[in-house]
Amino acid sequence: MDLRPSVTNVRRPLLERVLDVVRELGNPRDLQATLELIASSTVQVLGFDAAAIKVSAGTQMRVAAVAGPPAIWKLLGQSAPTSQWLKTIERGQALGNLRHFDPKTTRLILTQLGVRYPDSDEPGSEGRPEQGLPEEILMAPMWNAAGDLIGALCVDDTGPDRRPDVEQQTVLELFAAQAAIAIVQALSRDESEAGRLDAEGRWRLTFERSPIGAAIINTDGIVAEPNDTLVRLLGYPRAELTQRDFASITHPDDVNVDVSLFIELLKGERDSYEIEKRYIHADGHVVSAILHVGAIRDEAGGIRSIIGQLNDISDRKRAEAELAHRSSHDPVTALPNRASLEEHLNGMLSRRQRAGVLFLDIDRFKTINDSLGHEAGDELLSVVTSKLRAVTGASNFLARVGGDEFAVVVPERTDSAELVHLGNEVLASLEQPLTIRGHRHTVTVSIGVAATRPAHRHADEILREADQAMLRAKRHGRARVEVYDPTQDRPATVEDLRLEHSLRTALVDGAGLVPYFQPIISLTANTVVGYEALIRWQHPERGLLEPDDFLPLAEKTGLIVPLGWWMLQTSCSAVTDPALAGGDKSWVAVNVSGSQLGRGRLVGAIERALDASGVSADRLHLEITETALIEASSSAIHEVREVAELGVQVALDDFGTGYSSLTLLRDLPVSVVKIDRSFVAPIGIDRSATAIVRRLIALCQELGVDTVAEGVETQSQLTALRALGCSQAQGYLIGPPERLPDHRLGIASAVEPLRFRRSSA
Ligand code: C2E
Ligand code: CA
Ligand code: CA
């Protein structure tokens, strides 16, 4: 018996080959022959390496028909309990109605069917069965109307490249459905009814039960005989659908293509066509589908019937749309992300459309995130997003560009006053505290404003400008709007690069870097109790540079970190220098940048500096700015605590310039507060400033924290501070920062080699 279907030309469209098989199946034959035909067609039409059909008989499922390599034929006649198959099906990965089984489950299945796997210890075998047996299986289970498992069509699906596409999956299901029908008919006691089904009847049954939407279409394009699946898919009552022509239920944009292809089919210019198109469901929504239309011709070449076959790909389309949305949107706030912002802006730039850009950054978001947790952080972002949406309106493009950064694109607005006005409205909208997880939080943002100019080529350029303006807003105390100013916010210049290069060179051996020391006196004893170490740089060409000339660059490039360690070591060695008054009790206060914290290196660096200089921990103070401490991560705070436990004093520098609440003092390991110069200057002049300092000093006294007044320049300031109970003072009045005589300092020899130097050697 020839099991091969009458399919020879593999390049013919799949639909036609499937129809051939279906027609072939219409010829009467017994169950065994039908199953064999389906198994071999599965291999030949769909291109799987092997196929096997199992049929339920009683409590067992038996391999009734196979196609493929010799190894598969050995499975023929093998059986396993149906209950076991039901369990196995649950272990498969669902692909629509199909189940895919991984190598482990496949092995289990084959073992149940009597396949012996070589011992996996056996060298070279890797536990593989005989060549030709599948390592992965794809199964189309067959169920009867009562929901019992009556059989299964299995194919060899080994290898990730073998996964069938939607069309192949559908055909596989169709073949399984036909096998199921054949099995049901054979099992049916009512032999007479089954017998009455002629070829046409079988074909019709197959067609009607097909999981693919299908219809016989007449030459007027009327959907004359839709199957159940199609009726369900399109939602029209059958009676209505059978009166309609396909164009009337097609998405208007897809009508022309479909109709002209249909006409070509009628004219005999083609036998079939396949398009992706959209239908309008009865309830109005769009159904996306892949449509195959094929003509079956009589001997004379006239059209006998036209069959339309429709694979619903709406799910896939939805998934694709969701994927596209995901790649362009931020999942937390559902706002467009940076990539879509850039695309949007680039589009505007290329159309020469003008726009203003607001770049917003939430102030101290890190603190909120670290202290309340990421979920609360996400919630905060969502709340801020809705506030921003409300203020910026629908006509402006709002995006989340980074962790706590947002951007607003305002089309046609380049006037900075208008943009600043919008920025101020954003600030005002955030004045009321936000409730996050039952707690109220005051949130502020810093905003930078920039506008398109003809010179802008890429979104990146304008975003960078707005970003720089935002950074200036941060520097100027946050919760404010700044406009991009090319003279203040310039990007790195050649000059910067040169300076960076020479700073790197200087850091290799410390040449040119000089610590200056400024005395600090006790206001009760009136004697020098310590010094603050302040860096200077004797630049080979530019002369003596002040910190303001190069520290911003050092911060930006990260050089502040090795520089900080260098200052720490150098200052510890210098504190014992006899040129520093105060004897062997005076301490040195070293400034520590926020960048030096939270890297796990602070404690070690301090221990090394103390060891190398032989100075005890109580003679070292670390000055950390209020801002750096507030923005420090919990690991950084932990480091600072450890340092405090060593006996090193921690001073809160520039107090009053940040936003810290006084209660923060209780939680931080701080034993000294340095009152910023801006509070000291108006003492005795401005009554409210004096009142603030008075309260601050009183609070510190209560907490047992020392206070150091910075920038004391006049005698009256000093007198007032003493009267207010301030512990210590520093300033030009007492003494300016000064360098030690070089020969006493002996920097290069006394200092342990820098890590920086070692790693670059
Ligand atoms: P700071 O920590 O607030 O240091 C005090 C600054 O005030 C010093 O400026 C000092 O020279 C200046 N000053 C002292 N007395 C008076 C006064 O009576 N009147 C006025 N108007 N100013 C006074 P300097 O040396 O220019 O340092 C500026 C900033 O640079 C420092 O501010 C500190 O934040 C940073 N800095 C200096 N050295 C280092 C360092 O080694 N590491 C780090 N991370 N930062 C440093
Ligand atoms: Ca300082
Ligand atoms: Ca200071």
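Reader: How many bridges join strand S5 to strand S6?
Author: Heads-up: this is a predicted model, where local features need pLDDT of at least 70 and side-chain atom pairs count only at pLDDT 80 or more, while totals for chains, interfaces and linings use all residues. Residues are numbered from 1 along each chain as its sequence is written, chains are lettered from A and ligands numbered from 1 in the order in which they are written, and side-chain values use heavy atoms, leaving out hydrogens and water. Helices (H or I, at least four residues) and strands (E, at least two) are DSSP runs numbered from the N terminus, and two strands pair if DSSP finds at least two bridges between them. S5 (residues 98-101) and S6 (residues 137-143) run antiparallel, and the number of bridges joining them is three.

Reader: Which residue in S6 stands opposite His-100?
Author: Look across to strand S6, residues 137-143. The residue facing His-100 there is Leu-138.

Reader: Which strands are at the edges of the seven-stranded sheet?
Author: This open sheet runs S3-S2-S1-S7-S6-S5-S4, with antiparallel pairing.

Reader: At what angle does helix H2 run to S2?
Author: Axes are lines fitted to C-alpha atoms, for helices over the stretch in contact (heavy atoms within 4.5 Å). Angles run from 0 to 180 degrees between N-to-C directions. H2 (residues 31-46) lies across S1 (51-57), S2 (60-67) and S7 (149-156), and its angle to S2 is about 60°.

Reader: On to the five-stranded sheet: which strand does S8 join through five bridges?
Author: The sheet is open and antiparallel, in the order S9-S8-S12-S11-S10. S8 covers residues 213-217, and its antiparallel partner over those five bridges is S12.

Reader: And which helix packs on that sheet?
Author: Start from Ile-217, which stands opposite Ile-306 in S12. The helix, residues 255-266, touches S8, S10, S11 (286-297) and S12, makes about 145° with the direction of S10, and is H11.

Reader: How much of ligand 1 does the protein bury?
Author: Gln-518, Glu-532, Arg-536, Glu-713 and Tyr-732 come nearest among the 21 residues around the ligand (a heavy atom within 4 Å). A ligand nitrogen is 2.8 Å from a side-chain N or O atom of Gln-518, and a ligand oxygen is 2.7 Å from a polar backbone atom of Tyr-732. Taken alone, the ligand exposes 790 Å² (Shrake-Rupley, 1.4 Å probe), and the buried part of that is 84%.

Reader: Which element gives the largest share of the shell around ligand 1?
Author: S21 (528-539), H19 (547-557) and S25 (649-655) each supply at least two shell residues. The largest share is four residues, and they come from S21.

Terms used:
A polar contact is a pair of N or O atoms within 3.5 Å; within protein, one must be able to donate a hydrogen and the other to accept it, and residues adjacent in sequence count only if both atoms are side-chain atoms.
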